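Trainee: I would like to go through this model with you, one question at a time.
Mentor: Go ahead, and ask about whatever you want to check.

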Amino acid sequence: MIETKELLHEALKTHFGFDKFKGQQEQIIQSVLDHKDTFVIMPTGGGKSLCYQLPAIMMEGTAIVISPLIALMKNQVDSIRGYSQNDDVASFLNSSLNKSQMKKVKEDITAGKTKLLFIAPETLTKDENLAFFKEVNISFVAVDEAHCISEWGHDFRPEYRRIRLMIDEINKEIPIIALTATATPKVRTDIVKNLNMRSVREFVSSFNRENLYYEVRPKNKKEQTFKSIVQVIKGMDGQSGIIYVQSRKSTEEIAKVLRVNGIKAAAYHAGLDAKTRTKVQDDFLMEQIDVICATIAFGMGIDKPDVRFVIHYDIPKSIENYYQETGRAGRDGLEGRCITYYRYKDILKLEKFLRDKPVAEREMGAQLLQEIMAFSETASCRRRFLLHYFGEEYVEAKCGEKCDNCKHPKERIEVQEYLHQALSAIQVLNENFKIKSISEFLIGNETKEMQDFKFDELDLFGVGKDKDLNFWKSLLRQALLQNMIYKDIENYGILRLTEKGKQFISKPVPFQMALNHDYSTLVDSDSESSKAGTLDKVLIGMLKDLRKQVSQEKKVPPYVIFQDPSLADMATQYPITMDEMANITGVSIGKAKRYAKPFIELIHQYVEENNIERPTDFVVKQVANRSKIKVNIIQSIDRKIPLEDIASSNNLSMEELMEELDAIIISGTKVSLDYYIEDNIDENATEDILDYFMESETDSVEEAFKELKEDDITIDEIQLVRIKFLSDTAN
Ligand SMILES: [Zn+2]
């Protein structure tokens, strides 16, 4: 069936209401209408689905659409039905249907009503279904998310590799259209070969997402990284974003930190029950939640065009994954920020998982990791790197301001001599050691290993001691990336020389290295580390003196003024305003008002006289992790559970719960009791109590009760509203 241009446009207008096609859609649709095998490579947001939907509606018979996710099928079907007057125009066939529903689907197909049938590869392979398809008119088969076919793709599904066999079973003449949003040349060849596509017409759209900004930041200690993430998100004020992490535990942890810092965030991972997952997705779409902290399970079924940022807390396993996940930002064509936190140690962690895999998979995995590591550590344009990876020419050397390396170019230094020393060391040590040992050898670290093997007696031992350990490690990683050496994963990552490396040793050539961020931080992120910043010992001495002085004036013991942890926090954070003071551990707003003035003056003066650089403007509030109960309470309040229930589920009396809440607030965590107060306390009473605390010199409940009891206000009410007051004003 050959359609004229006019007819095609008319069909587009009639069936989908659009005036014109996007990109290559028209040529692709024409190819399908011509019964040609067609291969479509189009980045997310390019209008892929129309490429099979329109021809399916225009052609005789039913098109089979093979789709990987049952959860997605319903949305796809709903969306097509939304354009049509008849529900039977599109259906799906999967395990979620009962017998009579299945029968109805098949009847509609036989009657020629259904134009598109969505099906998972597993359902397609069933004998009774194959037999059925042989009897009806199939217009073509569309293989959506075709990268699932390839072992090189980011979510390989073995069932996908049998699709060709199934189609041949039905009818060898059926044309195929395969579609994917991400494909390296490797994946591309794999798909065409596996589907045995004949004289295939390929349509490759550009993979350049001009509206995305790519950035890789060094990943430091956990707290610092969390702080950096909070800052990024606070700077984007209420916009939608996704944070990808590798472990379920981290999704929960980061979501918690974000919530504590006033960001509407939720975790999403495969360990949650289906109901919760659906709710999180819906809340994200409805903007009840701004930020999702997810494992890679999130995003396949999400079509939210205005995701403004995608953060990778952990490095993805491959560039395909990275591209796919960052691709969820800015689908509406407006700005999208893609920030990745990277340290070399995370690559090592992923490598460890590979060790027990079969050889082929291990080698593949190692190569994918090598590539994502190269992307992370490159000092050149990241956009150019990505596009080259996908086999696309990017003629400009730089993308301007749209990646960190173009925006802030890094200095390069000549390291030919150092590289020669490093490679020679590998050779001298018989290509039998890992990055760490080689680096230690070069700087002349007298470790037990060096002594045991008598390496410290070799000429090259300590030859590179004018540079530090990190320099050598990062030089060795550069050598890895430049193919001078390779890592033997099977043998626990020992370094071996490549031909190129051996050549370099005998005939060195200039070799430049960018002075990178230090991506190699050795700090164990899992260890419980202290807050950012260090204690100023001089200042804490001065603060203690001042406290003594004030305590004598006020005739109260020093601890009543401020306790030691508060002083220590002051000598770390240098608070110079009332607001900042109220964020100090153990300092309530009442306490700040009462005692902080001379302390603020002292700190202010000290900071100016000594040119102190204070920690960043705001301090990220940490989740109270000392007590599970506290976390529990905070979470329950987030979920608006009645306080009585929270108390009983944590085995607390209401009084104890109030004490816990007090401690939570004073440690700087914000909680919102509004839901409970609105239900339980008269609005006027709440107003009166809030007014009282606003004017009062003290936050004492007893004092307040003395003042307010005439107005028929109870001590319980005062307690609750006081917590609201402290939370709203102090935190
Ligand atoms: Zn660039």
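Trainee: Which residues in helix 25 are buried?
Mentor: This is a predicted model, where local features need pLDDT of at least 70, side-chain atom pairs count only at pLDDT 80 or more, and totals for chains, interfaces and linings use all residues. Residues are numbered from 1 along each chain as its sequence is written. A residue is buried if 20 or more other C-beta atoms, placed from the backbone, lie within 10 Å of its own, exposed if 12 or fewer, and partly exposed in between. By that count, the buried residues of helix 25 are Ser 566, Leu 567, Asp 569, Met 570, Ala 571, Thr 572 and Gln 573.

Trainee: Why is helix 25 described as largely enclosed by the rest of the structure?
Mentor: Helices (H or I, at least four residues) and strands (E, at least two) are DSSP runs, numbered from the N terminus. Helix 25 covers residues 564–573, and it is largely enclosed because the buried ones number seven of the ten.

Trainee: What covers the buried residues of helix 25?
Mentor: The cover can be described by contacts, meaning C-beta atoms, placed from the backbone, that lie within 7 Å. It includes helix 23 (537–554) and helix 27 (589–609).

Trainee: Which residue just after helix 25 has a positive phi?
Mentor: Most residues other than glycine have a negative phi. The residue just after helix 25 takes a value of about 50 degrees, and it is Tyr 574.

Trainee: Is Asn 611 buried or exposed?
Mentor: Asn 611 lies in the loop between helix 27 and helix 28 (628–638), and its phi is near 50 degrees, a positive value in a residue other than glycine. Because there are 6 other C-beta atoms within 10 Å, Asn 611 is exposed.

Trainee: Where is His 35 found?
Mentor: His 35 has a positive phi, near 65 degrees. With 15 C-beta neighbours inside 10 Å, His 35 counts as partly exposed. Its place is the loop between helix 2 and strand 1 (38–41).

Trainee: At what angle do helix 2 and helix 3 pack?
Mentor: Axes are lines fitted to C-alpha atoms, for helices over the stretch in contact, and angles run from 0 to 180 degrees between N-to-C directions. Angles under 35 degrees count as roughly parallel, over 145 as roughly antiparallel, 65 to 115 as roughly perpendicular and the rest as oblique. Helix 2 and helix 3 are therefore oblique. The axes of helix 2 (residues 25–33) and helix 3 (residues 50–58) are 9 Å apart, at an angle of about 45 degrees.

Trainee: How many nonpolar residues are in the contact of helix 2 with helix 3?
Mentor: Ala, Val, Leu, Ile, Met, Phe, Trp, Tyr, Cys and Pro count as nonpolar, Asp, Glu, Lys and Arg as charged, and the others, Gly among them, as polar. The contact includes Ile 28 and Val 32 of helix 2 and Leu 54 and Met 58 of helix 3. It has no charged residue and one polar, and the nonpolar count is ten.

Trainee: What is the orientation of helix 14 to helix 15?
Mentor: Helix 14 (residues 344–354) and helix 15 (residues 359–377) pack at about 170 degrees, with axes 10 Å apart. That makes the pair roughly antiparallel.

Trainee: Which residues does Ile 174 touch, not counting those up to four places away in sequence?
Mentor: Ile 174 is in the loop between helix 8 (163–170) and strand 6 (176–180). With 18 C-beta neighbours inside 10 Å, Ile 174 counts as partly exposed. The residues it touches are Ile 138, Phe 140, Val 141 and Ile 167.

Definitions and conventions: Two residues are in contact if their C-beta atoms, placed from the backbone, lie within 7 Å.
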